[in-house]
Amino acid sequence: MRTVYIQASPQSGETECIFDQNAEEPTLTDNCIKVQIKACGLSAFNLEIFQELHMHRGKYPFGREISGIVVQVGSSVTSVKVGDEVVGVLPLDTECSGCADYCLIDEYNVIIKPSRVTFSEASACLLDGIRAYTALQYLARVSAGETILVLDAVNSTGNILIQLAQLWGVKVIATATNQEEKLHLERLKPELAHVIDLSGGKKNTLLNSCLEETGGLGIDVIIDSGVSMYPIEDDETTGSPVKTLSQKEKLLPNKHELISSLAVGGRWITSQHNLQLDPPDSKVLYLKGSSVSFLFESFWTMSCGQQGRYLHIVKDIVNKVANGTLKPNISTTVKLDKVCDVYKALSTKQIGKIMMET
């Protein structure tokens with residue numbers, strides 16, 4: 001069968017996307033089902049997660065958000081049958097790629113796909129929906145009338161975050177780093193409360209805009225996709241740069257500015273796994289009674305104790321797509337043999353979701 005996998009260089013740590021046309025089909029086990037993959041959502045590959053979890057391999061599976069048709073079931077499977085159209089997320093410890101003709105997945109990691117939802121639509125919202133749901137409901141515990149700031153809102157996760165937040169009666173403020181992003185966000189329906197243009201690179205633009213939009217009260221919930229750990233400006237005492245930042249790092253918000261933008265009792269949901277807080281920042285959080293939570297959506301499949309909540313989230317996301325409440329923003333669709341051509345683009349900032357269809 002055909003499959004795509006990621007190979008990592010042990011010396012440089014750089015990753016390479018490989019398309020294999022002659023891979024062996026996976027062997028079915030008692031509690032697994034074999035799925036003929038019809039669509040798979042593509043996201044940037046994070047080698048560091050596998051290394052931190054000590055999942056060292058020669059070949060890493062690629063693509064986790066799958067939908068397809070069940071073609072074979074294990075002897076102990078009871079919840080699905082051959083011919084069912086299913087949707088699910090492959091766990092981190094899987095040996096199967098989502099970008100393949102077939103994959104094996106545990107029966108308890110899939111749900112039945114509603115007939116009125118296409119395979120691509122179902123896959124496009126999975127990880128992004130789980131991530132957004134986790135941030136808003138389980139970490140931030142948002143309620144109607146609160147104000148939320150979504151950073152990097154044009155990506156696929158930001159798209160779902162905005163829709164869910166508005167559905168639950170939350171006032172949404174988003175950021176844009178260039179004119180194209182700003183125009184995209186301003187065209188969204190329902191309209192956002194405010195779009196903050198950060199393209200000018202001026203100091204404290206984010207903080208001043210947040211305080212102005214909230215009447216000086218600050219933001220109830222901030223959800224980022226990474227923050228800058230270092231100040232961008234030159235050190236005022238020496239006149240020398242504090243640290244040379246890449247262009248990507250320069251677009252990230254500064255952690256001190258985010259903390260200053262929080263309201264009393266505010267919640268900061270961050271994706272910065274190596275976040276370090278200086279004593280002055282910790283003191284500001286303490287005086288505001290604010291909290292910091294780390295967003296890592298894959299924890300749901302790392303413990304069987306969370307299985308019920310996890311499946312509830314997946315079902316709710318797919319049902320919202322079926323009734324039109326959630327609308328995925330699919331920007332590009334590629335065939336299986338063209339996945340490696342778009343692999344590098346997944347690590348760059350982009351509007352919308354890239355999908356694979358067989």
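Select asparagine 109, in the loop between β7 (102-106) and β8 (110-112). Strands here are DSSP runs of E, at least two residues, and helices are runs of H or I, at least four residues, both numbered from the N terminus. This is a predicted model: local features need pLDDT of at least 70, side-chain atom pairs count only at pLDDT 80 or more, and totals for chains, interfaces and linings use all residues. Residues are numbered from 1 along each chain as its sequence is written, and side-chain values use heavy atoms, with hydrogens and water left out.

Asparagine 109 has a relative accessible area of 10%, so it is buried (under 20%; exposed is over 50%, partly exposed in between; 1.4 Å probe, protein chains only). Show its contacts (heavy atoms within 4.5 Å). Beyond four places in sequence, they are Val87, Gly88, Val89, Pro91, Gln307 and Tyr310.

Next, select serine 123 in helix α2 (residues 119-124). Serine 123 is buried because its relative accessibility is 0%. Leaving out residues up to four places away, serine 123 touches Ala39, Cys40, Gly41, Glu65, Ile66, Ser67 and Met355.

Now go to the open sheet of six strands, with parallel pairing and the order β11-β10-β9-β12-β13-β14. Strands pair if DSSP finds at least two bridges between them. At the edges, β11 (194-197) and β14 (291-294) each pair on one side only. From one strand to the next, the twist averages 20°.

Zoom in on β9 (residues 147-150) and β10 (residues 171-176): four bridges join these parallel strands. Threonine 147 has lysine 171 in β10 as its bridge partner.

Finish at helix α9 (residues 279-288), which lies across β13 (262-270) and β14. Helix α9 runs at about 125° to β13 (axes are lines fitted to C-alpha atoms, for helices over the stretch in contact; angles run from 0 to 180 degrees between N-to-C directions).
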